[in-house]
Structures are given as structure tokens and as C-alpha cells.
Amino acid sequence: MTISRRDALKTALLAAGSTLAAPAIMRQAALGADPIKVVGIHDASGGLDIYGQPMIACLDFAVDEANAAGGLLGRPIELINYDPQSNIQLYTQFATQAATKDKAAVVHGGITSASREAIRPILDRFKTLYFYNTQYEGGVCDRNIFCTGSTPAQNVNKLVPYVQKHWGKNVYIVAADYNYGQITSKWITKYVREGGGQVLSVDFFPLDVTNFGPAISKIQAAKPDAVISALVGGAHISFYRQWAAAGLKKTIPIASTTFGGGNESVLLTPEEGDGIVSAFSYFQEIDTPENKAFLEKFHAKMGPKAPYLGAELAMRTYIGFNLWAEGVKRAKSIDRMAVIKALESGISMDTPAGKTTLDPKTHHTTVDVFVAECANHGFKVLETFPQQPPLDTASVCDLAAHPNEAKQYEVDVKI
Amino acid sequence: MTALLTTEGLQMRFGGVVAVDGVSLAINEGELRCLIGPNGAGKSTFFKCLTGQYKPTAGRIFWRGKDITALDPFAIARLGVGIKTQVPSLFDGLTALEGVCLCRHSSEAEAKRRAMRALERLGIGALANRRVGLLAHGQRQLVELAMVVAPEPDLIILDEPTAGMSTEETNRAADLIRELNQQHAIVVVEHDMQFIRAIARTVTVFHQGRVLMEDSAATVFADPRVRDVYLGKAVA
Amino acid sequence: MTVNVRTALQIVAALIVAGLAAWLLPQYLELFTLINATVFVSMGLLALSLGLIWGFGGILCFGQTAFFGIGGYTYAVAAINFGDTTWAVPLALLVPTAVAAALGYLMFFGRISDVYMGVITLTTTLILFKFANSTAGDQWTIGTAPLGGFNGIPGTPPLNFPLDPSNQLAPEQVFVVAVLALGICYAVAKLILRTRFGRVAVAIKENELRAELLGYDVRLHKLGLFAIGGFMAGLAGILFANCVFVSPTMFSLSYAGQVIIWVLVGGIGTLVGPVIGCMLIQALTTYAGTLSAIDPNLLLGVLFMLAVVVVPKGLLPTATTILLRLMRRGEP
Amino acid sequence: MDYAVVVALQIVSGVATLVIVSLGLAVVFGMMRVINLAHGEFLMLGGYTAILASGQGVNLWIAILVLPPIAVGIIGAVVERVLIRRLYGRMIDTMLATWGLSLAFIGGVTMLFGNSVTGISAPLGSFEVGRFHVAGYDLFLVAASVAMSLAIWIVLKFTPAGLIARGTMQNAEMAAALGVPPDRVYALTFTAGAALSGLAGGLIAPVSGVLPTMGTAYIAKAFITVITGGAAMLTGTLVASGLLGSVLTIFTFLTTPVFGEVALLVVAIVLLRLLPRGITGRFLRRAL
């Protein structure tokens, strides 16, 4: 009795739904027409715009460059930029739009891990290729996504030893309260312990917190050798400001996995920002001929409106686009699976950030990593670690063996 | 004769002000009682205590011997007490009939029958389908009365029913109250002496929160103390 | 009698419109538009829930999104844990209804006045927002479902056919379910207002004291209506979880504000008004979002002020009045 | 021991911040029974005034303390004239209209200055309590909150304007009978409230950073403080700030900032349930 009623309901719903199936397929066939659509989803406004604006500039620049060189497969590239306004729900809306309305060949975008995890399932579901070009906490194992930024085994793994070598063993962690901060703080904890130190405490802050007064008192009471920050976004810049205002910069130094990813170093005065150390796979200041050439072209193109690129986010967006373009060239198609297979064939290219190699098993990249110190609104590179593989993700993820996986692994560290 | 409603040492205090101060009285079945007194004598506060809108700070109220001091207004209404407030309290957005139909009853048809009967009894059957918010003041008073009598309560409490009425309307209201008294016990809280003279049997006089005297209308109106109270002289 | 006939006609009309929309739109709309339309419909249901309790119960709830979010979260957590949405749905309806009842008990039985009621409901939503935002850590896992803090629960499972978890509804089918849910809720709300309970609730809005003096327990009626509003908002949350995903934004101040704008613009004291107001404003803000010239907040804010100052009764009632006046003028 | 002093200092500065951000709202609510939901945006505009002025090379103290109240006061006067005046006596409508105003301000400022954080550095450096460093500006905020409260008290208690204001608070008709048109009293009150909010915005700008949506972080707290305080605007705000600010800071120390705010909100709800007319609805009723 119940079964038959259920079936009746099912039939009714299927009837309503399936009427759509046919036109949907026909629409798919209409894709053959000219420009190749590339969608960028980056926050041009809201608390995350400090990262988004340089990323958009770099994506624009990369697409212009490719079009100037004759486009891809003889077709022009049409870039559609969406601004999710630092609002996760708009991310899902734009991702759906990119996949189902624009029928984008690839989506580049997502800044926070929260936004990536919001759009990744959507793009999986609608079978649209996805490039995530931000340094993040690692562990994403999904054949539909390519993560071109650095991960903790590459950056935290260099930052923590620097801190412990120069400042002392014991640290206090302040982190943004969402998956990036939560997971990254676990990695920091892991490396601090491996270096023989202790994590005195981990404090998490929602992205809209601006008053760090109580936290600063707590940190002083704990007397760490250093503070490691995984704070994110515009509001959290107040931390550095209040830290300096409390006169603590001279007593307890700060290192960060995020500082410089946006324009933090430009926003803060030298008194507030100088001396903060970060590790990324690119800084605008790195001294290589490729980087100089890139910056020259970039500034020539953008003029005085060219943003400060800071650390890797913007550059990885430029590189991410070019990696995808290389995949398309090799596949001679924009078909998703063909491009994925081409990208898995072991692509390596020389970029302004040094040599970047895509790892077929993890869809992550092997990159050069730099430790740098904030100095006078910019960065001074202190140490360079060439060709660091994404060991963290590689230890858990093998897409060659398990091509159907689509999840994020988390490091298992007890805090 | 059993008392319908009794109060024992009822007191209502607002901060330092004692508005009702130890009032004890009894209303019997079928009685028509007037509570009079000048402005500020505590009549209205006493009324609100009876109807549950205020919770007295001391003393008790009984309904047929049962303590109802702590009950909320709706629970008191359900016992069979019809209450009409000083400012007409109506559902302006509904028609007269819809409003009166809302009285509690056993069935929908019964409600409608009673509502129509109540409206006709008050001579406003013709207004049944008019929106209450659009009616004249006197008509509104009557609609409210219809709502009060429709459930056929045992006791009706009226707070200044003649407020804002013309002399002619007041006279008609007096007739109406006498007529209603055939079936219901009634308490009228009023300060208009003319009106009281027209309807009263037993009168209770309030002054400064206390019962000054309680007697037949004729005796009360003849008493010099009452005249002094109304003229504002201090009572010895 | 005529009133009953009119109600019946309105219900039938609404169900026909809903049925037609559910049948025709999936055939003609693009998938993307359809998914967006599902979001609109779920929001429309949220607006309906507030339109019901505010317009007919006089309960100004600044935090109707609390029940919306609780519905969504309960659905997501239950669906992930059960691996089947069949029982997640009733649970996700029950929990917001129960929370609304509990909150209503606190407010109505405490005889808290209008303004303070606004503060308390708003505060409740804010607490939930803050709380949901701070559940990023591993300790905030219910069964197998991590609450995810700021991230929310991106992998919210879509509805499946009853007792058949492997057979999930396609986005087009979710749209059909959403439209039918909205149509049915409208009909149910209409019917409720025709029952004795509904008429007393309206009477309470008109004059609380009189209703009380007629022997009605005002608090109980308000509580009942508030719980029904919570139920509908919860259902809206389930639908929203199906077409977007569950995140703390569902509790946010901006959503809480938008619902009020929808109802206000659509018209207080009608049921269709809030739904139409919701659709119009959503369409407008979505459109404004694509314009870079004007900020959607600015547009929304100006609309909000105009709604209060110029058409305090709302668009639908005002439009009806104007239409009626024009028609009368047309007559000799 | 030093730590206890530092914690105590944080509590005091938490309370002071609450007082500063609530006073403007309290004045408008206490005098006019108008709940101004655009209050947070008045703070934001004050913050932007300070940022812009200091960016133009204006002396920092003038940029923080002088210009914001003037600029926001003027904006407040215009808002009163154009919007609030039409809605007197319609409490709910006023709330809704000011909510719309708040959205419009956020949108407008976003269009003008972009939706990103800007900030100025806090002056006054730091000082030491035993082993601890404490920002001097925190103490300055405490002093500012005391000065603002004192100023309001003096105005209410000892000036002719204050007498009229107190009269209006008690009974608007009576004040009108004294020959003071309530219109003008309301216009001045709203302007003064807006100016106070602007000053608050300037004061907190160095601590919190300035962005178009910064108001939303404060409005809920200010709103709840004022409502919890009840009718007596100054005393109510001070008592409620003292209570809620302590709860906020203590819980922030014990747990996280989020649970600090949750604790604040829960305490406010419980208080309103117990004292539906606010703290001064029950206690200290004769206070200002």
C-alpha cells in the first residue's frame, strides 16, 4: 500500500522533472559556438576584497595575454567575472550560474576554504572543471579540482622552523574560526611539536571580530616565544594594529600563514607591520628575471591602477589560468575529461614564481617556497626553498588509484 | 440568597499609592448594583481587579464561593461574567455580526443564533453586516453591549456605560440596563449621578479607595457625606 | 457564506497557479533559472510565515529567520545522520515548531510588549547566528554531521524519494516540491484563518483586551499561531537547504531584515502580498546585484523607507485600493 | 596579580566601549521613544569622518573628537527633518524606516568608499602593568565614556535645555504647555543623539577599523543595552553597560569572543523576561 503510493508520487515527480531532460540535452549541444567561456569567482568587495581584487586583476591580465596571443584552439576566450561580495551563498549561486547557464569551460575562483567547499560539490555535480588558486590547509582530493596554491607541508613546514630557530620553541596560535583556521592550526601544532616546542593555546576568531583586546592580554599572560597567526580578512587586520598599539611588537614577534596574502602590508604602517614573517610560494619582491619581466608587462598593461600583488594568491591565479590553458592546448579540446587527462600527463612550466609542476596524483603543485619579512609596506625575502612537493595531500590522496574520490582529508593532530 | 460575587478586603497598591484599600462587598444573583464615587475614588481600579486585569495586592475575590483572585481576565469571563470597558473595546476590522459571533458557545450555528438575538435585543439588528470601525459612537457602545450579553452571562460588569452619551442616549441606556437586569445580575461603575438616580436600587459609594457607604439609592443621595465627596470637601 | 466562497476560490486559484507553475516552468526555464526560482519560492514561504503571524496575529517577529535556519540545520544534520531524508523532513518541521512554541511561551506568557518582543526574537536569531558561526571545531559534530561553523554544511543531501535514499530528487523535482509546498501552505494558512482559532487570532490582533474579555486565552492563541509560523519557516528552511545549502547566513541580520521588508512591501494583512513582495524584491536585488552602478543595499534601503513612509499598508493593499477607486471613477 | 589588574582593565574598557556606543541611541530612545536602527551607521559615518579627516592631514585628535560629532550631527538633523518627523508616534514604523536608512547608508558608503577595511593607528602608545603591556588608548576610551556621561548628566541637570528635556521625557504635552514646541525639542534631541553616535564612531575607529558594515557589529549590542537599561536613559545605559559589558568581557576571557557575545545576549533575554520594562523600569526609577 505504502509502496504503491510512493511509486505514484515518484512517477508524478519524475513526469514533472523528466519533461525537462530532453531540452537540457539539446541545450548542451548548442555549446559548439565561438568564444571559450572562463568564469572567475572572486570577492571584489566585502571583507575578503583585500585578496580578491589582486586575484581578479591577475586573471584579467592572464586572459588578455592569452587572447593577444591568438586565444586557445583558435577561439577567443571570454572571461566572466562574478563578485560574490564575501558572501558564501552568492558563491553557490554564481557557481551554479557558471555551470548551468554560462556552461563555462573552467571556473577559477574561491578564496576562503569555506567558499571552495561551498562550490566544489556544485561544480562536481554539474561536471564543470574547477581551479582553486589559493594557498590553503591541504587535503582536497577530488579529480574535478586543481589546487595550484601551496599547502601546510610547503609553507607551514618552513615557517615554523624559522620561528623556532630565530625566536624560540613555544608559540601561541591565533586563527580564523572556519575550516582554514581550524585545520591550519592543527598543522602548525604538528610542526611545532616536531620541532620540540609547545603550543600554549589556540584561539579562534570569527571573521567579523575586530576587538582583540582580551586576546592580547591572554597572549601576554601565556608568555609565548612567538605568535603564529592564521587570521583572515579585513576585520582581522585590527589584530596587528592592536598588537602594535599595546607595544608588544618588540617583545613577542609574529609569524603568519596568511599575512601578505592580501594587501595587509600596504594597509598597515611600517611601525605596525614591519617584522611580521610569512611563508608563501610567491612574493612580489622575489628577485628573478621571470618575475621582473612579468611585473614590467603587468604594470605596463594595468598602469597606475595595478594592485600590489602581495603573496601568492594573485600570482597563483595567473599561473592557474596558464596551467589550464596548457592543458587545453595539449588536449586540443575544452572537454572536461580530456583537459583533466592532459593536465594529469605531468605538466611543468616556468612561471614568475619559479618552476611549477602539477602532480597528477593529487592535482596539487610542486612549487618554490619563500620565507619573507614585512618591511616598509612590502616584503624582504629571507629564505628560499626550491621545488617543494605537496607532501601533505600526497600522503593521503592518490587520484590515479582512486579517481572517484571527492573529499577533503584532514590532518589528525590532537590539540 | 447566595452571593454571586464577593470581595474580601480587596487592596490594590501602586508603589506608594493605595488606589483600592480594603474593599469588601457582595453582589447577589439578579442584583443591580451601582458603584459610584468621584474621579480618583478607586472605582476603575476596583473594576479592573474584578475583571482580572489587575491582580490585587491583598484580599480575595470569590465567585459563587470559589476563590478567583488569581484568575486571568479570560478565565473570569468564562465563568459567566460579561465585561464592558469604559472606552468601547471592539474589533474595528470586523462586521458587527462577525464580532458578536466570536462569543464562546458550543457550535458555530449556536453562536450565530445568539449573536443575531443579542443584536436584535439591543435594537441594532440592522447594523449586523456593517463594519464596526465605521459606526457612530453610540452604535459602537451598543455593539459592545451585544458582545457582552450574547453569551448570556450571569453577571454583567459595566464601566461608565454612559461616557460620551447625549442625555437622550443616557436615558435609553438606563432603560436598557433595567431591561437587561431582568435576566442578568449587573454591576455598573459610574460617576454620573443622574444616570444612577434613573436606574439604581443599591448604591455603593467609593471614596479614596474605601467604601464610604452602601445603601439604597434614595438614602445615599440624601446623605450629606456623599454630597461633600462630590463637591470635593474633606470627609471628617 | 460569501466569505467562505471567496476563501474557497482563493485557495483553488492558488493551488491551480502552483500546479501550473510546477508543471510548466520546468519545461521552459533553464536549469539555472529554475534553481534560482526554487530559492525564491523557499523565501516566499518564509515571507508567508511572517505574513501570517504579523499580519493576522499582530506578532512582529524580527527573527523569523531563527526558525528558517533551525529547520535547515535540523534537516541537514538529520539527513546526514540517517542517510535518508524521509524522517529528516518531519524532524526538521518538528524542531522549529517546538522552538517557536518554547520561545512563544516565554514571550506571550511573560506578557512582553511589542517592542521587547521584537528585541527578544531578534536577539534569539543573533545568538543562533553567533553560535552557528562558532561551530567550526571538531567538537561541534552531531552524530556524523559536522556543523562546520562559518562554512555551514555544504554537502547538505538533497531530498530523496520516501524511504529510497539512493533515488535523489533532481533540481527540477525539488522545484516542483517547493512550489507545491508553497501552494499548500498558502491554502492551509487560508483555511486556518477561517477556523474559529484563526478568527479568534485575528480578533486578538484587532483588540486584545476585548478578545480576552470574551473569554479567550490570548496567550494560547498567539502561541499557537507563532508555532504555525515556526513550522512554515522551518519548511522554508528545508527547501532552502535543498537549493542552496545550510550555513549561518540563514540566521543573519540581513535575512531577518529582508523578510520584514518583503512582508512590508507586499502588504501586512494579506497572505499573497508577502509572497509577491518577496519575489519582486528578490528579483530586483538580484538584478541590482548585476548592476555595478548601484549598490543593492542602497536600493533595498530606499525601498524600505519608501514602503514605510509612502505606502505603509504595502503594495498589494494600496494597489487594490487605487484600482477600486479607478473602477469606481469609471462608473457614471 | 598583574594579570588580575589587566583583566580588570579589560572589563572596564569593555564596559566603557558599550557605554560609548550606546549613549547616542539611549538619548534618542529615552527622549523620543524612537528606536533608531540606523544608529550603527551613524557610528560608521563618524568612523569614516575620522578616517577621511586624518587622511587629509587633520590633527588626529580633531579628527577623532571634533569632526565626527559635527558631521554626523548635521546628517542626523537632515534625517530627522526628512524621515523621522513623518513617523512620530509610530514606534514600529520608525524602527522599520530607520532599518531601511541603515541599509541605504551601508549601500551608499560602499559605493563611495568601497567595501574594505580602513583604519588609523591608535595614538598614546602603551604602558606597563607589571609584566604586561596595555594600550594607552584603552584607558583613554574609559576616560571618554566617563566624560560623555558626565556631560550628559550636567546638561540634563543644570541647563535650561536639560530642564526642558527632562520635562519632555516625563510628559511631552506638559513641555509643550511651557511654550516649547515638542517638534523643536525632538529635532534637537535627534541631532544631539546623532552627534553622540558620531563621536562614538570617531572614538572606536582606531580600535575597530572602519568599513561600511561596521555598524552591524555594534547596533545589536547598543540596542540591547539600551532596552535592558530601560526608561532612564543615562542611569539605565550605565547600569546595563556595566552588567552586560562585564559579562561580555569575562566570558570572552573564559571562553571565546563568540561565547562572550552569546552570554551577553542570553543575559539580556533573561533580564527582559524578569524585568520587562528594563532595569530602570523596576529599580532607580527616579534617576535620569
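What is the order of the strands in the open sheet of five strands in chain A? Here are some notes to read beside the model.

1. Before the answer, some ground rules. This is a predicted model, in which local features need pLDDT of at least 70 and side-chain atom pairs count only at pLDDT 80 or more, while totals for chains, interfaces and linings use all residues. Residues are numbered from 1 along each chain as its sequence is written, and chains are lettered from A and ligands numbered from 1 in the order in which they are written.

2. The order in chain A is β2-β1-β3-β4-β6, with parallel pairing. At the edges sit β2 (77-82) and β6 (145-147) of chain A, each pairing on one side only. From one strand to the next the twist averages 20°. Strands (E, at least two residues) and helices (H or I, at least four) are DSSP runs numbered from the N terminus, and two strands pair if DSSP finds at least two bridges between them.

3. Look next at β3 (residues 106-109) and β4 (residues 129-132) of chain A, which run parallel and are joined by three bridges. Here A:Val107 stands opposite A:Tyr130.

4. Helix α3 (residues 88-101) of chain A lies across β1 (36-41), β2 and β3 of chain A, at about 175° to β1(A). Helix α12 (residues 312-331) of chain A touches β3 and β4 of chain A, and its direction makes about 165° with that of β3(A). Angles run from 0 to 180 degrees between N-to-C directions, with axes fitted to C-alpha atoms, for helices over the stretch in contact.

5. Now the chain pairs. Of the four pairs in contact (C-beta atoms, placed from the backbone, within 7 Å), chains C and D share the most contacts. Each of these chains is represented: 34 residues from chain C and 34 residues from chain D. The chain C side has 23 nonpolar, eight polar and three charged residues. Chain A and chain B do not touch, their nearest C-alpha atoms being 37 Å apart; for chain B and chain D, which also do not touch, that figure is 11 Å.

6. B:Val100 deserves a look. Leaving aside neighbours within four places in sequence, its contacts are B:Ala115, B:Ala118, B:Leu119, B:Ala146, B:Met147 and B:Ala150.

7. Lastly, confidence. Chain B has a mean pLDDT (the predictor's confidence in each residue, from 0 to 100) of 83, and 96% of its residues reach 70 or more. Within chain B, helix α9 (residues 224-231) is lowest at a mean of 77, and strand β4 (residues 58-63) is highest at 90.

How values were computed
Two residues are in contact if their C-beta atoms, placed from the backbone, lie within 7 Å. Ala, Val, Leu, Ile, Met, Phe, Trp, Tyr, Cys and Pro count as nonpolar, Asp, Glu, Lys and Arg as charged, and the others, Gly among them, as polar.
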